[in-house]
Amino acid sequence: MTFKASIWYPIAVALTGINLAGVWFAVSEPVHSTTHAVLAVAFGLWAYRLRQRIGGSGVSDGSDVQAKLDALDAEVGQLRQELAEAHERLDFAERLLAQKSEQRAR
């Protein structure tokens, strides 16, 4: 089973929020409140690291997405050309084999 940052990111954000709220509710007990504050910071840092792992800050102007789409489009075009060439070679080989089998039949 692999670690999926895209699944754990919202969980880390939720745990950060819950512990921040816990600081407010545990304000009468300093140790308890401090524990929630430390956990909130830890989960917040974890969420930050997960966000970096899944693709950056989350703010995108679309140019990187467009560049990726253009690269994929070019790659698909190249693959289509290679596939067409492979079909041509296969057809040529089939014709040669058919000619040899006809010559043997005679």
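Helix H1 (5–25) is part of what covers the buried residues of helix H2; contact here means heavy atoms within 4.5 Å. Helices are DSSP runs of H or I with at least four residues, strands are runs of E with at least two, and both are numbered from the N terminus. This is a predicted model, where local features need pLDDT of at least 70 and side-chain atom pairs count only at pLDDT 80 or more, while totals for chains, interfaces and linings use all residues. Residues are numbered from 1 along each chain as its sequence is written, and side-chain values use heavy atoms, with hydrogens and water left out.

**The overall picture**

The protein chain has three helices and zero strands, so its order from the N terminus is simply α-α-α.

Buried residues make up 10% of the 106 residues. Buried means under 20% relative accessible area, exposed means over 50%, and partly exposed is in between (1.4 Å probe, protein chains only). Of the contacts with a separation of 6 or more, 62% are between residues 24 or more positions apart. The accessible surface is about 9,000 Å², and 63% of that belongs to carbon and sulfur atoms.

Which residues of H2 are buried? They are Ser33, His36, Ala40, Ala47 and Leu50.

From the H1 side, Thr16 touches Ala40, Phe43 and Gly44, leaving out residues up to four places away in sequence. Trp8, also in H1, is in contact with Phe3, Trp46 and Leu50, with neighbours within four places set aside. Trp8 and Leu50 sit 42 residues apart in sequence, yet their C-alpha atoms are 7.5 Å apart.

**Past H2**

Just after H2, Gly55 takes a positive phi of about 135 degrees. Gln66 belongs to helix H3 (residues 63–105). Gln66 and Gly55 are eleven residues apart along the chain, with 15 Å between their C-alpha atoms.

| Residue | Relative accessible area | Class |
|---|---|---|
| Trp8 | 36% | partly exposed |
| Thr16 | 14% | buried |
| Gln66 | 41% | partly exposed |

Technical notes. Accessible areas come from the Shrake-Rupley method with a 1.4 Å probe; for residues, only the protein chains shown count as cover.
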